[in-house]
Amino acid sequence: MGSPTCRLVSGFNSLNRTNVILQHLRMSKHTDAAEVLLERKGCAGVITLNRPKFLNALNLSMIRHIYPQLKNWEQDPETFLIIIKGTGGKAFCAGGDIRVISEAGKANQKIAQDFFREEYTLNNAIGSCRKPYVALIHGITMGGGVGLSVHGRFRVATEKSLFAMPETAIGLFPDVGGGYFLPRLRGKLGYFLALTGFRLKGRDVYAAGIATHFVDSEKLGMLEEDLLALKSPSKENIADVLDAYHAKSKIDQDKSFILEEHMDNINSWFSANTVEQIIENLQQDGSSFALEQLKIINKMSPTSLKITLRQLIEGSSKTLQEVFTMEYRLSQACMGGHDFYEGVRAVLIDKDQSPKWRPADLKEVTDEDLNNYFKSLGSNDLKF
């Protein structure tokens, strides 16, 4: 039996072990959840993307934390708005965690299916959210970060905002609802941004219609405090606060939209129904701006270019949910192809910036190939 002291020591040790195990479990849960912070503050639910070392890139674990909480806040009578932001000052969210998806896709793991399915489901929930949703898109906002912001009611840019949809450079397409919001930007601006991956900075993100407001970054903290301090606000009350900060913003106030002088040409060049015709339009124009865009487009995946143009043309008359169903089909077809893995290798892994696309020529991407990308997945389709 042993002495009472021995039993006490033994009991203490097992208690200690239990405490250590519990603490470890709590820590691992915390570490996992710490990639995204979900807090109730004042009248709002606040989502903070918390992977600053990875420019707040979105992974499946983060999606699985955000989605149920967003749904809870939407139902909660004490939550009047939802705010989403990123930590670290460099990025709101630089995109999805593409390297992980690429590795999983190559290994034929289910994560390549789950990631896109759950990401688009979250994007749709943001688009249909009944509570005002305010995205503070300060810093780099690309790909998956655009999906977390652009479908919400309010998007606040700062002078540090950097927007781009650069997917054609990695053998993908501008997803996360790009097929819905890009063709609805003015003229053919969205087609230009999608095919070239052109970067918009600062106030231009607002001028393009991607952000609804522009606020000087030094005022962002005060803006958030003022939003949190509102008492049972309506969406009009929230809009009033954002409008007031927007009106007081001073940085680049007199600067015209960077693409303004090119908009007539962009509308003309990108009105074509085929990528080949767009390229011909750019060649015929011959101006330095046209030739610069031509050079960029010629580096992109020919398959991605053709998918993207068709995605935008079809998406221009679809609902947001129909677009997500279409984009899920495209994502899975890309996972089964060559160019996505090659693009990730060239841009993110080896960084040689010299992808070997297959096929390497637009002429070799047939209508039949294209139709296969847009084919229904039957019972595996994304449904809402």
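Which side chain meets that of Glu 314 in a salt bridge? The partner is Arg 310, with an N to O distance of 2.8 Å, where a salt bridge is taken as a side-chain nitrogen of Lys or Arg within 4 Å of a carboxyl oxygen of Asp or Glu. The structure is a predicted model, in which local features need pLDDT of at least 70 and side-chain atom pairs count only at pLDDT 80 or more, while totals for chains, interfaces and linings use all residues. Residues are numbered from 1 along each chain as its sequence is written, and side-chain values use heavy atoms, with hydrogens and water left out.

Glu 314 and Arg 310 both belong to helix α14, four residues apart, which is about one turn of the helix; helices (H or I, at least four residues) and strands (E, at least two) are DSSP runs, numbered from the N terminus. Glu 314 is partly exposed at a relative accessible area of 27%, and Arg 310 is likewise partly exposed at 23%, on a scale where buried means under 20% relative accessible area, exposed over 50% and partly exposed in between (1.4 Å probe, protein chains only).

By the stated rule, the count of salt bridges comes to 20. Among them is the pair formed by the side chains of Asp 114 and Arg 64, with 3.8 Å from N to O. Asp 114 lies in helix α4 (residues 111-127) and Arg 64 in helix α2 (residues 60-75), so this pair ties together parts that are 50 residues apart in sequence. Asp 114 counts as buried at 14% relative accessibility, whereas Arg 64 is partly exposed at 44%. Another salt bridge joins Asp 361 to Lys 363, the closest N and O atoms being 3.7 Å apart; here Asp 361 is partly exposed at 29% relative accessibility and Lys 363 is exposed at 68%. Through salt bridges that share partners, Arg 64, Lys 110, Asp 114 and Glu 118 are joined into one network.

Strand pairing was assigned where DSSP finds at least two bridges between two strands. Six strands form an open sheet of mixed pairing, in the order β1-β2-β3-β5-β7-β10, with β1 (36-41) and β10 as the edge strands, each pairing on one side only. Within this sheet, strand β5 (residues 133-137) pairs with β7 in the parallel sense over four bridges; Val 134 has Phe 154 of β7 as its bridge partner, and Leu 136 has Val 156. On its pairing with strand β10 (residues 213-214), β7 is again parallel, over two bridges, and the bridge partner of Val 156 in β10 is His 213. In a regular strand the side chains alternate between the two faces of the sheet. Both faces of strand β7 (residues 154-157) are covered, with Phe 154 and Val 156 buried on one side and Arg 155 and Ala 157 buried on the other.

A further open sheet, of four strands and also with mixed pairing, has the order β4-β6-β8-β9, and its edge strands are β4 (91-93) and β9 (200-201), each of which pairs on one side only. The pairing of β4 with strand β6 (residues 140-142) is parallel and extends over two bridges, with Cys 93 standing opposite Thr 141 in β6.

The structure holds zero disulfides, a disulfide being a pair of cysteine sulfur atoms within 2.5 Å. Cys 93 is in no disulfide, the nearest cysteine sulfur, that of Cys 129, being 18 Å away, and Cys 93 counts as buried at 0% relative accessibility. For Cys 43, the closest cysteine sulfur also belongs to Cys 129 and is 14 Å away, too far for a bond; Cys 43 is buried as well, at 5% relative accessibility.

In helix α12 (residues 275-285), the buried residues are Val 275, Ile 278, Ile 279, Asn 281 and Leu 282. Seen down the axis of α12, these residues fall within an arc of 155 degrees, so they line one face of the helix; the arc is that of the directions from the helix axis to the C-beta atoms. Their cover includes α7 (189-196), α11 (263-269), α13 (288-297) and α14 (302-315), with contact meaning heavy atoms within 4.5 Å. Just after α12, Gly 286 adopts a positive phi of about 75 degrees.
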